[in-house]
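Let's take a walk through a protein together. Have the sequence and the 3D view at hand, and follow the residues as they come up.

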Amino acid sequence: MKRTMYRHYTGNTSEETNVIWLSLYRFDTQNWEVVGTIPGSTEEVTRSFVLSGNGISAYISEEGDIQIRVYNSASKEFIRYTDCVSVTTVANSQSQQKVYTPTTFVEEYGSSEGQIEKLDHIDGQSMKFYSDNNRKSAVQFEFDTDIDIDTIGEVTFVVALKSKNGANTQNLSLKNVSTGKFAVVKTASSSDNYEMIRFTLDSLREIEQYIDANGKLTLRIYNSASSSVGDFTREIDFVQMSITYGRFTRFEVAQLSDVHELIGSENFKAIISEINSNIRPAFSIITGDISDHGTPAQYELYLQDKQLFDGQVYTTPGNHDVRWWNANGKRTFTNQVGPLYQSFTYGGVHFVLLDTTVNFELDGKIGKAQLQWLKSDLDSIPADMPVILFGHHPFKINNNVTARHELLSATKDSNVIAFMNGHVHYYGNVVEDGVPINYITYIKDNPNQDFVTIEFSENYYYIYKRKATDHSKELWLSGRMNNTRKLRMTITNITARDNTVDVAVQIENAPDGVKSVQARIDNYGPYTQLIKNEGGIWSGSIDTGLYTPELVAGTHFVGVEAFDNENKKWTEYKDYSTPSDNPTIKWVFETGDSIQSSATINEANVYVGSNDGNLYCIDRDTGSQKWCIQTGDFVISKPAITSEGNIVFGSGDEFVYCASADDGNIIWNTKLGGSVLSDPLTSEGRVFIGCGDGKIYCLNSASGEIVWEYQTDGLMRQRPILENGILYAFVRDTYIWYAIDASTGQLIWRGNANTDESLFVCGDVRPVIANGKLWCIDAQNTRPAYLSLDTGELAWTSTLEKVSSRGMTTNGSTVFYSSNSGRQITAFDAETNQVVWQKDLRYDNKDRDLQEMQIDSALVYNGNSLIHVAERGRITALNPDNGEILWCIDAAGYPERVFWSTPEATDGLVIATGIDGKVYAVEYTH
């Protein structure tokens, strides 16, 4: 691109001085370079300098900034009076430009002489405008344009004029075609000397206010004078309007969210009608929760309603679409709706539709594989192309800042202008790392029938709140199409000592300066302000003694927040560790995507599946990979060891696999009628496993042949239990509880949980038998309960509340439940049903403590300890007799929300698997 840079300076000094050096900052060498000198004179001096050629780019930062330095000296004190310092850069671009001169003018106040045709160039043949008896002068110039308004990028006015020194400020205004009133867009002081006044409008939303249906635009120039100044004359030698256009054509898209079929069908159809009739966008994007609970009827109705759109529709999944009646996991969405994530470019904007969901979960996460795809996708487009992201979760619940940061880190080198979401059912937005995160409200049973449209123009985008009920349109948010002004920083040092953590941060780039920097640990506790030292490093010491709850040994992370002079927040995170003698983090193994599979341990190895489609065999002692088996889809199934000593597991690709535990060679694979996301149970040559077709299968563990199958209404996801020849299974349907003859597959009894289409997730736990009772969770009230083994009758329900779907465990005589998001543990005597002990893991018994919160991680008893795993990385061992904490360790740091699956534990070893794609081995001694 060819550029020319014009630099102008006007000023004088109180005393004669040495020459004034005008310098520009070179961003390539990080030095100032003198580009012109000006006499240091008491008389006002004006100088202009011109640079051209490719070398100009050295003086322009990546963000488009230019820095000017004015320096001079003298033998005595002086004052430098600077009236004007300006830089104008002219470049060839893809835009076209058309120049207009006024076609007519109207004298509003005063009189005139001269010809309007002479205003097309500077030649000294000016028009003169004389003030009236009230010392006012106003003239309106009219311009006729012939350019499609949707293609306009900028409108620039240039006026060369002079007016009597001492007269009031000159106001340059444009006529608003809707109101008929003039709006001041530029002011200039009055001077006896000619001045060139320039101003540019780059907002199409503003520009279109001033252009009428016939392409006419009116510029008004007005000023007045006091009686002491008297009558005056304004001389105008040049008036020009130029329009750049053709690089971008305005277009609009619609965003809808949280339909929740069947409930939202009527609202959905009303919004579709509004879009078809009154908006007609380029396309529409629906950001998830298309169904209320993912039932077949809800999916079917969504597809029917979606056909009513006249234009293209894109859909991203929401948690309601993959959490409940989705026995085949995300395959239900991909088979019926479309891809989980995708991207495309339209009209010069790159649209990225993300999958923020996690199978069977409420909260969101973008997995490693998708983040890697996103980086590759953005690498394939020009770095300056505007990118807008769409996804269901804004990562707002439970202060999920690290999930947000993972996404923004993956896109930091791209021109991301916004991240659009739904999920929370209300309007809101935050700005983090320079990216606006905007979440819109819901459709479901919303009487307003809300949605938004996003209008894209060359320099700005505009987000409008819309209501189908009254056809209203209200501007909500706007932003620039160029969002590349980014602060960049690195945490260069973290040193932990005693109760102090020293932190050092280097800020490499801060186009809008740095106002303050603060840091804290693990996203809680008080902030510590960092101070900038002479070397430009921001540093400080965090007093960990102030943290409640206190930090425990293990892995933590420091979060740094920098605020620029525009008060925008920029973040960075980094892990550090503090030593622990017992327990210790033995090793960490990383897979290619999130892990929802629990691990299985034998004498030599750890076996675990990953959402990257692989089953991994990891050396138990060293944490190194021995082998892996690649399947065609997620491996959420927890592996099991067969009677023959082999490994058996399921995959989302609808196969059950059996492989040698030693070398991973596949012995057999059996295709079933749906995705196999279930944890199998093996016993005496048989494999019992659930499937996405709603069936429970019994397979021959040596051959893989199907022995029998039993049809349920949902998915048996968790491992069943076998007792006296009867298979007790908990299924994700409204009945939940099943007893099946393990030899024949005949139903012995089916319980009646009598639940709705959401609370059946209380059946997504492993059955527990203790003291002849089948312990469960009562789906009517999410309380601990047990069933009769003989009849399936609900025999007893506890008064303990908020147990939800986090699984229980037993040591044979005591049954352990977690409640209140997993932060409180209650031990029940299996014989008397009485509470033996209770342990509240929250600091000060307050819910604001999130450190012990669980996400679908069951308690585990390993023969001597009760193991509790919290989602933020903390692993705690408790004495099963009294609830006393034996030890705890923070196994994972950043990202902070990691453990969403049940751990596996043997004597001396705990294996926890994370949605960060890692397997954590924690070793301990009694």
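Asp355 and Lys330 are both buried, where buried means under 20% relative accessible area, exposed means over 50%, and partly exposed lies in between (1.4 Å probe, protein chains only). Their side chains meet in a salt bridge, with 2.7 Å from N to O; the term stands for a side-chain nitrogen of Lys or Arg within 4 Å of a carboxyl oxygen of Asp or Glu. This pair links distant parts of the chain, 25 residues apart: Asp355 is in the loop between strand S22 (349-353) and helix H6 (368-379), and Lys330 is in the loop between helix H4 (319-322) and helix H5 (331-336). Helices (H or I, at least four residues) and strands (E, at least two) are DSSP runs, numbered from the N terminus.

Before going further, keep in mind that this is a predicted model, in which local features need pLDDT of at least 70, side-chain atom pairs count only at pLDDT 80 or more, and totals for chains, interfaces and linings use all residues. Residues are numbered from 1 along each chain as its sequence is written, and side-chain values use heavy atoms, leaving out hydrogens and water.

Now step back and take in the whole protein. Its secondary structure comes to seven helices and 68 strands. The C-alpha trace spans about 110 × 65 × 50 Å along its principal axes. Of the 926 residues, 59% are buried.

How many salt bridges does the structure hold? There are 47 salt bridges in the structure. In one of them, Arg247 pairs with Glu458, and the closest N and O atoms are 2.1 Å apart. Here, too, distant parts of the chain are linked: Arg247 sits in the loop between strand S17 (233-245) and strand S18 (251-256), while Glu458 sits in the loop between strand S27 (450-456) and strand S28 (460-467), 211 residues apart. Arg247 is partly exposed, at 39% relative accessibility, whereas Glu458 is buried, at 11%.

Asp847 and Arg823 give another example, with their side chains meeting in a salt bridge at 3.3 Å, N to O. Asp847 lies in the loop between S61 and strand S62 (860-861), and Arg823 in the loop between S59 and strand S60 (824-829), so the pair ties together parts that are 24 residues apart in sequence. With 40% relative accessibility, Asp847 is partly exposed; Arg823, with 3%, is buried. Salt bridges can also share partners, and in this way Asp363, Glu871, Arg872, Glu896 and Arg897 are joined into one network.

Some of the strands just named belong to a sheet. In general, strands of a sheet pair through backbone hydrogen bonds, either parallel or antiparallel. Two strands count as paired if DSSP finds at least two bridges between them. S58 and strand S59 (residues 814-819) are joined by two bridges and run antiparallel, and Thr809 has Phe816 in S59 as its bridge partner.

Next, look at the aromatic rings. Rings of Phe, Tyr and Trp (its six-membered ring) pair if their centres lie within 6.5 Å; planes under 30 degrees apart count as stacked, over 60 as edge-to-face and the rest as tilted. By this rule there are 48 aromatic pairs. Why is the pair of Tyr25 and Trp32 called edge-to-face? The ring centres of Tyr25 and Trp32 are 5.2 Å apart and their planes stand at 70°, so the pair is edge-to-face. Tyr25 is buried, at 17% relative accessible area, and Trp32 is partly exposed, at 37%.

Phe283 and Phe344 have ring centres 5.3 Å apart and planes at 80°, so this pair is edge-to-face. Phe283 lies in strand S19 (residues 283-287) and Phe344 in strand S21 (residues 342-346), so the pair ties together parts that are 61 residues apart in sequence. Phe283 is buried at 3% relative accessibility, and Phe344 is buried at 15%. Both rings belong to one aromatic cluster, whose members include Phe248, Tyr314 and Phe456.
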